[in-house]
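I opened the model to look up a few points and kept short notes. The entries follow in the order in which I made them.

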Number of protein chains: 2
Amino acid sequence: MEKADILIENCMILPMTRKRPIDKGSIAVKDGKIIFVGKPAKTAKIRAEKKMDGKGKVAIPGLINAHTHVSMTLFRGIAEDKPLNTWLKETIWPLEAKLKPEDTYKGALLGCLEMIKSGTTCFADMYFSEEMVAKAVEQSGLRAVLAEGIFEAGSSFLGEKMLRKSVDFVRKFDGYANGRVTALLGPHAAYSCGEKLLKKICCEASRLGVGIHIHLAESEEFKQKYRLSEVEFLDKIGILERHVLAAHCLYLSENDMHILSERKVNAVYVPVSNMKLASGTAKVKDLMRFGVNVCLGTDGPASNNTLDMFETMKMATLLQKIAYGDPTVLPAYKVLEMATINGAKALGLSEKIGTIEEGKRADIVLVDLLRPHLTPLHDIYASLVYSVRGSDVDTVIVDGKILMEHRQVKFLDEDAVMEKAEKTALNLLSR
Amino acid sequence: MEKADILIENCMILPMTRKRPIDKGSIAVKDGKIIFVGKPAKTAKIRAEKKMDGKGKVAIPGLINAHTHVSMTLFRGIAEDKPLNTWLKETIWPLEAKLKPEDTYKGALLGCLEMIKSGTTCFADMYFSEEMVAKAVEQSGLRAVLAEGIFEAGSSFLGEKMLRKSVDFVRKFDGYANGRVTALLGPHAAYSCGEKLLKKICCEASRLGVGIHIHLAESEEFKQKYRLSEVEFLDKIGILERHVLAAHCLYLSENDMHILSERKVNAVYVPVSNMKLASGTAKVKDLMRFGVNVCLGTDGPASNNTLDMFETMKMATLLQKIAYGDPTVLPAYKVLEMATINGAKALGLSEKIGTIEEGKRADIVLVDLLRPHLTPLHDIYASLVYSVRGSDVDTVIVDGKILMEHRQVKFLDEDAVMEKAEKTALNLLSR
């Protein structure tokens, strides 16, 4: 065997291609790719630049946060326990109007740091000044699928301008950071973009060959107003024929679910934010029955208030169990699939990431299992979904690069990132 | 001022007697008691044996977990995503039948370790071989309110025997460990103890001058069977005239809530377990409207699967918000009250703990705020409820003794406790 860059040894591995774990296995990484997974034959010692001891740890595919607005770390805890409209109109929108690209960058860096420290290796983001998010992603070493948001709020001039910016972003940043960044167009929602604008977005997506990141059915208002569901409306326009990443998916009829399934739309279930804003509960069991690919997201930190995907995994299944009145709904293995391979599919990256397999890019997280709250270890999937916290993540590897080892982050200065974000947030409030 | 044993300086303090935090304050502790809280006058320097720097930290009253079965750490993750009856009958009860007192002790030590590491300073427990839990509490330095469980399962002989054991436990352990342990009688539930037995328990509680810890209205079965609610039934017997700690409180009519309020019954809201087992959702907003004191519990780790009260605080408010469809329900400050002073009231300890006040016992937790997921700090209560994880707890003081400092636990050997619990759990499975 050729010499590897990184060799993780003596580790429990959850490849997420099947349920049975590999016990005391090895993972070899070279040129950013996984070149070996399994139990190495005793005679065939793998040589490597860097060896990592996996004893007492479990290796899982890096978690994928399929819907967030990462720069909103700046607004974490700024307007709590308020109704959605008050929250948006009195606090979030006025602050966002004052945001400069440099602020977005500071917020994004903080978000990237938080994600690395809690085992997320890839995220899908939609916001303003997305080029600054791309820069933070490049610097931190993470992988991301980014979209510059588009809305018109009654002004077709604004809509056109935002569409041009979103298209420009795709042209400049799709493939950025050695291919770790890919780009989508980001129409905010059916209710915030008119039919004409959405048609143009659809054409541009087709021309650019990229997908679309959109908020879908987060409330019932659209259907009440237009007697047509958001899904039916978007389908009529043709949007759903593109590769679509649809966040929330709360208020869906059976017919809506059928359409989402037919059009292969990817649904992002966002349980914490949906609970915190009391938006509603996605019918994940039904979506899955219809064959819709469902993955997980945290939403922005202003409505969560963390980017911790382990927490989101736990909430994801707890909320489904109570909503369906059935403790067997969404068992732990299924939830971990949602946070890994389903996320990869939803982001159009299933050839590259989402499992620990030979040939895939090396996006790997090592979780330390030697903790009181993870003892005894009867069921590794239950442990990961019901007991592990982000702080149990020991090591994070993205694209074959070590971003964190034994909780030491490599490419970001943790104190400086926190200090700058804190200052930016205070400054924003005083503007 | 006299010399203190411990002095915490330069710390944000949330006394929980009022909402406004004390910024850069000091707390002085002597002989287990808080002797000063506030901003010390510049001239009056407090001398102390041990000084602690509170910079970048917040001091809160130790969290109170008002309902758990702590030895069930041994069963963490052992039977996941199963219906309640299957879970109990096929896994939990057969294993519990094999439990020896020594096993209970090992499980309790692990639970105590986990609680210290996540900021819980006091817990209410109900289980078998509760004397072993008392020993683990003494050894770990925690505070606890313990009850030996009583049920009869159709056999009045068994019921009598368990009642005697529960009474014996109170006689021997009320006031144990320098007063850190107090005792209650522990009738399991209205459906598992008959009327005659419950009447005897009521008399014994009255004679001993102690309260009662019971499961209440965790399902609808009782009412369907007897056309009388569990609350009405217990009230008829006179149980509710005692000091009662009632866990779950899910299926309550308005009349039930009225009775609980009149009888000053303390309700323990157990959101994570209720969601995981799909038991139902407590109507906390209504309970509070009726004036019932509501506090928080994790339940046993087999149905949670952690003892992390920070997680329970977050789930507590998220579940209420989605259940009532109202994001303003249970704001963060209220939730922290539930986990501190309301818990103290429910456990009959509000004279001693639950707030940071001069004259109270020193049960204090310092949380490290210099973390990416806690930055920026716009709202300390939102931070504690929506963002802090158990792993952010830096220091834990109980009864004036430091149980953990900078995450180093003092009176328990962390590795040994974990190893012994792991071995015990495996051994239990092989019996």
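I started with B:A134, which I found in helix 3 (residues 130-140) of chain B; helices (H or I, at least four residues) and strands (E, at least two) are DSSP runs, numbered from the N terminus. The model is predicted: local features need pLDDT of at least 70, side-chain atom pairs count only at pLDDT 80 or more, and totals for chains, interfaces and linings use all residues. Residues are numbered from 1 along each chain as its sequence is written, and chains are lettered from A and ligands numbered from 1 in the order in which they are written.

Is B:A134 buried or exposed? I count it as buried, because 24 other C-beta atoms lie within 10 Å (buried means 20 or more such atoms within 10 Å, exposed 12 or fewer, partly exposed in between, with C-beta atoms placed from the backbone). Leaving out residues up to four places away in sequence, B:A134 touches B:L146, B:F173, B:Y176 and B:V181; contact means C-beta atoms, placed from the backbone, within 7 Å. I also checked B:K106, which is 28 residues from B:A134 in sequence and 12 Å away in space, C-alpha to C-alpha.

Next I looked at how the chains meet. I find 49 residues of chain B in contact with 49 residues of chain A. On the chain B side, the elements that each supply at least two residues are helix 2 (101-117), helix 9 (271-276), helix 11 (309-324), helix 14 (380-387) and helix 15 (414-430). I sorted that side into 23 nonpolar, 13 polar and 13 charged residues (nonpolar: Ala, Val, Leu, Ile, Met, Phe, Trp, Tyr, Cys and Pro; charged: Asp, Glu, Lys and Arg; polar: the others, Gly among them).

Last, I took the domains of chain A, with bounds from an automatic or database domain assignment. Chain A divides into domain 1 (4-61 + 352-409) and domain 2 (63-346). Their C-alpha centres lie 28 Å apart.

Technical notes
Contact = placed C-beta atoms within 7 Å.
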